[in-house]
Amino acid sequence: MKLYSRSQVFFFSILSGLIVLLFALGIGIVRFPGILPLSGEPLSGASHSVEAQNPSEALPASPVFTDAFFSEQSILPLQHGVSDLLSFSEDERQNIIIYEQLNAGVVNITTETVAINWFLEPVPQEGASGSGTIINTQGYVLTNNHVIRNANRVLINLADGSQFEGTVVGTDPENDLAVLKFDPPPGMELQVIPFGSSENLRVGQKVLAIGNPFALERTLTVGIVSGLGRPIQISRQYIVRNMIQTDASINPGNSGGPLLNAQGQMIGINTMIYSPSGGSVGIGFAVPIDTAKRVVADIIEHGRVRRGWIDATVVQLFPALVRQARLPVESGLLISQTRRGGLAERAGLRQGTEPVQYGRSVIYLGGDIITSVNGIRTNTLSDLYASLEDNRPGETVRIDILRAGNPLSLNVVLADREEVLSR
């Protein structure tokens, strides 16, 4: 066996390291902008290719969303070199790299509200706090609506300690989402968190959450996708369909922060937890990013989300109404009135003809009863909101009804929800 001197061993060690580094660069380690996998293969836990989605395609085509909207991402350099991470496992390296690359793209949001004191004077007071995600170098931030609801003032705190006053571009209470905007000074580079897709998620897939739980800034937690397609009622009026369930620890303050896949792409917006105790018990829910893409596009372009609605006045059935009208079903939505010459009337929906007084309202009995829309049962008004959440004005939907006890299906063109409900 041949022996080598210390100098020869040192020389061979340096040479081996250079060969490994050159080989790594040669096979193209850097395949995703801003995320540096440590092997040429897709990272473990990936549900799809590591190749990045074109940032300019992250949102639907719109005059607002030019190619530059998401293509001006500033990628921060890694704080550690490749050699510094060799002592960690592959899974640990993933977590470290994603956090060091993207944590600066998560902001801490604090709000102020106005209260009335004993002398009936308006007094500012501390409001809610939460997290947000920088989605564009122009200063757009995506967060939850409940984080900024009723806020008189919104403050956006960045990773470098700087603070900016934010304006609310628009909100979508139906999906508990909001878009904020602040104005970074010239020359400030913002870390943008890239959009992924929630379409092909799998239960068991690794996910990471970055947020500000209990005011502890930029905390990383790791878990898996625990469930998909969860319908969660977020208020008395709204149900969010297709929520992502995760066991990654999410606590108060995480709201509005990103849920990331193993490539560092945002696949959801952390929104709420199930917690009998008030702390994380491993059941958290995130709004899918594919829903957020559509919502963000509408909010920035129109200041609101444009949704379709049935051009009629509908009433949720209740026991007294069922008895009074001797209806054949106990749940559903009664069409009380349709707008004369409107889209619902032209589609063939029939309104009631027998007026009855209920409180301060007048309900017309005898109209069609809606039982489902787009194949989704509509036992309540919340069900109707959920069934039309992703439909736009002008689209056609299939509505199943009962007319004099007989089932019937009609194709109905939708009107603009805001216009219908404001009449």
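**Before you start**

You are looking at a predicted model, in which local features need pLDDT of at least 70 and side-chain atom pairs count only at pLDDT 80 or more, while totals for chains, interfaces and linings use all residues. Residues are numbered from 1 along each chain as its sequence is written, and side-chain values use heavy atoms, with hydrogens and water left out.

**Stop 1: the whole chain**

Show the chain as a cartoon. There are 8 helices and 22 strands; helices (H or I, at least four residues) and strands (E, at least two) are DSSP runs, numbered from the N terminus. Of the 423 residues, 46% are buried, where buried means under 20% relative accessible area with a 1.4 Å probe, counting protein chains only.

**Stop 2: the barrel**

Select strands S1 to S6. These 6 strands close into a barrel in the order S1-S2-S3-S6-S5-S4, with antiparallel pairing. From one strand to the next, the twist averages 40°.

**Stop 3: strand S4 and its neighbours**

Zoom in on S4, residues 153–157. Why is S4 largely enclosed by the rest of the structure? It is enclosed because 4 of its 5 residues are buried.

On one side, S4 pairs with S1 (residues 106–116) in the antiparallel sense over 5 bridges; two strands pair if DSSP finds at least two bridges between them. Select Ile109 to find it opposite Ile156 in S4, then Thr110, which stands opposite Leu155.

S4 also pairs with S5, again antiparallel, over 4 bridges. Here the bridge partner of Ile156 is Phe164 in S5. S4 and S5 form a hairpin with 5 residues between them, and Gly161 in the turn has a positive phi of about 95°.

**Stop 4: helix H2**

Finally, select residues 90–102, the 13 residues of H2. Which residues of H2 are buried? They are Arg93, Gln94, Asn95, Ile97, Ile98, Glu100, Gln101 and Leu102.

Methods
Buried means under 20% relative accessible area, exposed over 50%, partly exposed in between (1.4 Å probe, protein chains only). Axes are lines fitted to C-alpha atoms, for helices over the stretch in contact, and angles run from 0 to 180 degrees between N-to-C directions. The expected span of a helix is 1.5 Å times one less than its number of residues.
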